[in-house]
Amino acid sequence: MRLFDSHAHYYDDAFDPDRAEVLSSLPAHGVTGVVCPGCDLESSRQSLALAEQYPFLYFAAGLHPENLEGATLADLEEVKALCGHPKCVAVGEIGLDYYWVKTPEDRANSRDFFAAQLDLARELDLPAIVHDRDAHKDTLDIVRAHPGTRGVFHCCALSAEDAKVVDKLGWYVSFTGNVTFKNARRALEVMAYMPLERIMIETDAPYMAPEPFRGKRNDSNYVYRVAETLAQIKGLSTEEVAEATYQNALRFFDLKPLFQ
Ligand code: NI
């Protein structure tokens with residue numbers, strides 16, 4: 001069985017004590033592909049450095065809505081430069097977060113950055129990795145205002161209604177360890193609704209460790225738990241779902257030529 005973790009933040013401080021050990025352990029556990037998205041310029045640079053070190057690790061560059069303090073749209077020139085690296089597979093993570101971003105001014109600013117980074121993704125012909133927390137309507141409005149972009153709603157928290165819109169747009173969704181939690185009903189509905197060809201799995205490490213590891217530091221070795229839940233919902237074996245989501249990630253991030 002091979003697994004592709006489409007979203008894990010390996011530059012995070014939580015991995016400082018043993019980053020090399022964790023990353024080196026992944027291929028032997030079947031995790032043969034990982035995408036590490038940055039959240040600001042510094043973490044995007046760190047993600048690039050990790051991608052240069054580990055053959056199975058790819059990265060994305062972008063400015064996350066929670067990390068916009070002091071950022072200017074001119075910073076997107078450096079995001080663009082980072083995206084020119086051969087192992088950069090997406091613009092991300094970008095999006096809207098109305099849980100942490102509260103004031104109307106800050107929210108408007110985050111919408112400007114999101115829109116500008118979707119423009120950049122389209123210009124570079126890269127997919128976008130989208131974070132959407134408590135901002136479904138505005139996120140979807142901005143995505144719809146950018147026809148010709150491709151992307152994924154990561155750590156998918158969409159309603160079944162919004163998932164229909166995302167499905168029609170041809171975008172992907174990606175699920176994390178929180179689908180194993182007791183209150184995951186809504187995510188499981190979306191899992192059931194979305195066609196398997198457009199679903200990826202992820203850890204969002206170091207966050208979102210699945211049951212029975214909830215509350216611990218997460219890493220890509222636990223991504224199989226998301227595959228197990230998806231397999232249950234789709235009535236397939238874990239192996240089938242692991243392979244399908246693996247192929248989806250290769251297609252979404254355009255890695256096919258490298259893995260054949
Ligand atoms: Ni993330």
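Select Arg214 and Phe181 to begin: Arg214 lies over the face of Phe181, at 3.6 Å from the ring centre. Here a charge sits over a ring if NZ of Lys or CZ of Arg is within 6 Å of the ring centre and within 35 degrees of the ring normal. Then pick Tyr99 and Arg133, where Arg133 lies over the ring face at 3.7 Å from the centre.

Before moving on, a word on what is on screen. This is a predicted model, in which local features need pLDDT of at least 70 and side-chain atom pairs count only at pLDDT 80 or more, while totals for chains, interfaces and linings use all residues. Residues are numbered from 1 along each chain as its sequence is written, and side-chain values use heavy atoms, with hydrogens and water left out.

**The nickel ion**

Now select the nickel ion. Which atoms coordinate it? They are NE2 of His7, NE2 of His9, OE of Glu93 and OD of Asp204, at 2.1 to 2.5 Å. Donors are N, O and S atoms within 2.8 Å of the metal (3.2 Å for Na, K and Ca), and water is not among the atoms, so sites may look incomplete.

Try the angle tool on the site. The four donor atoms subtend angles of 79 to 170 degrees around the nickel ion, so the arrangement is irregular. For orientation, ideal angles at a metal are 109.5 degrees for four tetrahedral donors, and 90 or 180 degrees for six octahedral ones.

Along the chain, the nickel donors follow the spacing H-x1-H-x83-E-x110-D. Helices (H or I, at least four residues) and strands (E, at least two) are DSSP runs, numbered from the N terminus. Both Glu93 and Asp204 are buried. Buried means under 20% relative accessible area, exposed over 50%, and partly exposed in between (1.4 Å probe, protein chains only).

Next, go to Val35 in strand E2 (residues 31–37). Is Val35 buried or exposed? Its relative accessible area is 0%, so Val35 is buried. Show its contacts, meaning heavy atoms within 4.5 Å. Not counting residues up to four places away in sequence, Val35 touches Phe4, Asp5, Ser6, His7, Ala8, Tyr58, Phe59, Ala60, Val89, Ile129 and Phe253. Among these contacts is His7, one of the nickel donors.

**Aromatic rings**

From Val35, step to its contact Phe4. The structure holds nine aromatic pairs. Rings of Phe, Tyr and Trp (its six-membered ring) pair if their centres lie within 6.5 Å; planes under 30 degrees apart count as stacked, over 60 as edge-to-face and the rest as tilted. Phe4 and Tyr246 have ring centres 5.9 Å apart and planes at 70 degrees, so this pair is edge-to-face. The pair links distant parts of the chain, with Phe4 in strand E1 (residues 3–5) and Tyr246 in helix H9 (residues 238–252), 242 residues apart. Phe4 is buried at a relative accessible area of 1%, and Tyr246 is buried too, at 2%.

Tyr54 and Phe56 make a tilted pair, 5.9 Å centre to centre with 55 degrees between the planes. Tyr54 is buried at 10% relative accessibility, and Phe56 is buried at 10%. Then select Phe4, Tyr172, Tyr246, Phe252 and Phe253 together, which form one aromatic cluster.

**Salt bridges**

Finish with the charged side chains. A salt bridge is a side-chain nitrogen of Lys or Arg within 4 Å of a carboxyl oxygen of Asp or Glu, and by this rule the count comes to 15.

- Arg19 and Asp16 meet at 2.7 Å, N to O, and Arg19 is buried at 18% relative accessible area.
- Glu161 and Lys164 have their closest N and O atoms 3.4 Å apart. Both lie in helix H6 (residues 160–169), three residues apart, about one turn of the helix. Glu161 is exposed at 53%, whereas Lys164 is partly exposed at 36%.
- Glu189 and Arg185 meet at 2.6 Å, N to O. They are four residues apart in helix H7 (residues 185–193), so about one helical turn separates them. Glu189 is partly exposed at 36%, and Arg185 is exposed at 59%.

Definitions and conventions: Tetrahedral: all angles 85-135°; square planar, octahedral: opposite > 155°, others 65-115°.
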